[in-house]
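Please look at the sequence and the structure shown here before reading on. The report is meant to be read with both in view.

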Amino acid sequence: MRLEIQGLTKRFGSFTANDSIDLTIEPGEIHCLLGENGAGKSTLMNMLYGLLDPSEGRILVDGEPVTFSSPSDAITAGIGMVHQHFMLVPVFTVAENVMLGREHTRGPGLLNRAKAAQTVRELSSRYGLAVDPDRLVEDLPVGVQQRVEIIKALSHDAKVLILDEPTAVLTPQEIDELMEIMRSLKAQGTSIIFITHKLREVKAVGDRISVIRRGRVVGTADPSAPEAELAEMMVGREVKLVVDKDAPQTGADVLSVENLTVVDPRGHQVVKDVSLTARAGEVLGIAGVQGNGQTELIKALLGLVRPDAGVVRLAGEDISRYGPKESLDAGIGYIPEDRSHDGYVGTFSVRENLILDLYRSPEFSRGPALRLDAISQNADARIEEFDIRTESRETPVSSLSGGNQQKVVVAREFSRPLKVLVASQPTRGVDVGSIEFIHKRIIAERDRGTAVVIVSTELDEIYALSDRIAVMYDGRIVGTVTPDIPREKIGLLMAGVADEPTEVSA
Ligand SMILES: Nc1ncnc2c1ncn2[C@@H]1O[C@H](COP(=O)(O)OP(=O)(O)O)[C@@H](O)[C@H]1O
Ligand SMILES: [Mg+2]
């Protein structure tokens with residue numbers, strides 16, 4: 001099937017998220033959509049999948065104009081989509097999830113279940129999508145859940161499959177497996193729209209690349225084009241894929257974690273006997289696939305969850321029992337993973353968010369009164385210094401773009417004296433230009449003598465920043481290595497493949 005997009009435009013109020021986009025997806029091609037965060041890729045796909053109404057333009061299937069008023073229209077036309085966030089029901093089996101929302105689900109449950117299981121098996125063997133139809137989705141690794149989503153789309157006879165940032169949640173090995181699956185789909189005539197911002201993946205599997213920037217298609221390219229060229233197309237200027245930094249001048253152990261164990265509310269051990277240290281003036285990267293205990297480890301460091309066992313020390317002081325406020329006051333800076341939840345108050349202005357937990361400091365208050373002038377001056381200075389793109393300092397943070405929201409958090413945390421900086425996914429959802437900026441500031445903080453702990457699921461980010469890398473898998477640190485180790489080795493550690501813990505000191 002041939003899918004054409006002509007002049008497709010989507011406006012949200014006065015904001016144009018997609019500006020007259022033209023694209024053609026040829027039968028059996030892997031068409032990569034490359035673009036930084038916020039470029040408008042998901043918006044475009046949501047129009048193709050009947051989730052959003054185009055403001056202008058049209059979609060043609062095999063030359064015929066079509067209108068999709070819901071995903072079921074798109075599915076009927078042969079379009080399938082695997083979303084950035086999976087839409088599976090965790091407590092259902094694979095087969096149950098695949099048959100959810102299908103016409104033939106009405107009638108005796110058993111029969112349909114058997115039919116669904118059979119469909120799953122057929123698709124499994126046809127496309128090399130190994131998955132057991134009877135397993136509960138919640139028990140499956142993320143990579144397998146994704147296969148279930150793909151099977152679900154294929155079970156509706158998708159001729160064009162949209163994969164929206166499918167590799168963001170996968171280990172390097174799972175990414176390789178997904179690419180194999182994509183090749184097999186293509187070999188059998190399915191077209192794939194593959195969205196990613198990782199150039200390596202585009203080059204490995206793409207037939208054609210369309211680059212989207214600020215809602216427009218800025219060009220098409222061949223996967224053999226040099227990475228630097230693609231990156232430049234993506235952001236509209238030359239980007240540095242590596243961070244300039246000198247060798248670290250490391251000092252004493254500032255943060256030390258000894259035999260830390262955290263049990264989650266469901267009673268599972270999510271952090272298992274973790275010990276690590278971060279020295280003054282170094283960046284310790286914590287690598288790992290999402291969901292291997294990193295979040296809980298960080299929360300324990302910040303006093304956001306109580307460890308079940310073990311000790312956390314900050315410059316020798318036991319802070320294991322500190323709450324979040326005490327931890328911040330003791331000199332820990334925090335860039336949270338979920339900034340909309342923990343990082344800022346969306347309804348508050350940029351100005352207010354820039355002093356969120358600092359408002360009691362003498363700089364910003366005199367007794368019970370706030371020093372509004374000082375607070376405004378601080379805001380103007382930070383907006384300038386961190387290049388926060390906002391209409392004014394009074395704009396609510398919720399209406400800034402993701403990258404600028406993150407800059408507000410970074411600006412606030414970096415404008416107070418820190419002993420330790422803990423940054424979890426510091427550039428998630430941030431455009432490439434802001435990534436570069438935030439990385440530079442993190443290194444500057446390191447060079448001021450702060451012990452920096454970075455948690456990231458992006459290996460490129462871990463490599464760019466870290467002086468040492470600890471790899472987390474299944475709640476444990478399975479290896480501590482230096483950044484000269486090959487990616488594949490870290491990939492194996494991230495996938496829990498290495499038998500023996502690796503120990504390399506810096
Ligand atoms: N429902 C919406 N309302 C308002 N703005 C939106 C909506 N959906 C997306 N946007 C905005 O459109 C832009 C493009 O978003 P998106 O398509 O999700 O980008 P991408 O998938 O390329 O990261 C962003 O600035 C985003 O904030
Ligand atoms: Mg998106």
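Predicted model: local features only at pLDDT ≥ 70, side-chain atom pairs only at ≥ 80, totals over all residues.

## Where the domains meet

The size of an interface is often given as the accessible area lost when the parts come together. For domain 1 and domain 2 this buried area is about 1,000 Å², with 54% of it on carbon and sulfur atoms. Of the area that domain 1 buries against domain 2, 38% is supplied by N37, Q173 and R200, which is more than any other three residues supply. In terms of contacts, 11 residues of domain 1 touch 16 residues of domain 2.

Across this interface the rule finds one salt bridge, while the count of residue pairs in polar contact between the two domains, with both residues at pLDDT 80 or more, is zero. On the side of domain 1 that touches domain 2, the elements giving two or more residues are α6 (172-187) and α8 (227-235). Sorted by class, that side of domain 1 has four nonpolar, four polar and three charged residues.

R200 forms a salt bridge with D460, and the closest N and O atoms of the pair are 3.5 Å apart. This pair links distant parts of the chain, since R200 lies in helix α7 (residues 199-205) and D460 in helix α16 (residues 459-465), 260 residues apart. R200 has a relative accessible area of 42% and is therefore partly exposed; D460, at 38% relative accessibility, also counts as partly exposed.

## Salt bridges elsewhere

By the same rule, the count of salt bridges comes to 27. One of them joins the side chains of R183 and E180, with a distance of 2.7 Å from N to O. Both residues lie in helix α6, where R183 and E180 are three residues apart, or about one turn of the helix. R183 counts as partly exposed because its relative accessibility is 35%, and E180 is partly exposed as well, with a relative accessible area of 47%.

Another salt bridge is formed by R393 and E394, whose closest N and O atoms are 3.6 Å apart. R393 is partly exposed, at a relative accessible area of 29%, and E394 counts as partly exposed at 42% relative accessibility. These two residues also belong to a network of salt bridges that links R351, D380, R393 and E394.

Key: Residues numbered from 1 in each chain as written. Chains lettered and ligands numbered in written order. Heavy atoms only, no water. Contact = heavy atoms within 4.5 Å. Buried area = accessible area lost by both parts, 1.4 Å probe. Salt bridge = Lys/Arg side-chain N within 4 Å of Asp/Glu carboxyl O. Polar contact = N/O pair within 3.5 Å; in protein donor to acceptor, adjacent residues only side chain to side chain. Helix = DSSP H or I, 4+ residues; strand = E, 2+ residues; numbered from the N terminus. Nonpolar A, V, L, I, M, F, W, Y, C, P; charged D, E, K, R; others polar. Buried < 20%, exposed > 50% of the residue type's maximum accessible area, 1.4 Å probe, protein only.
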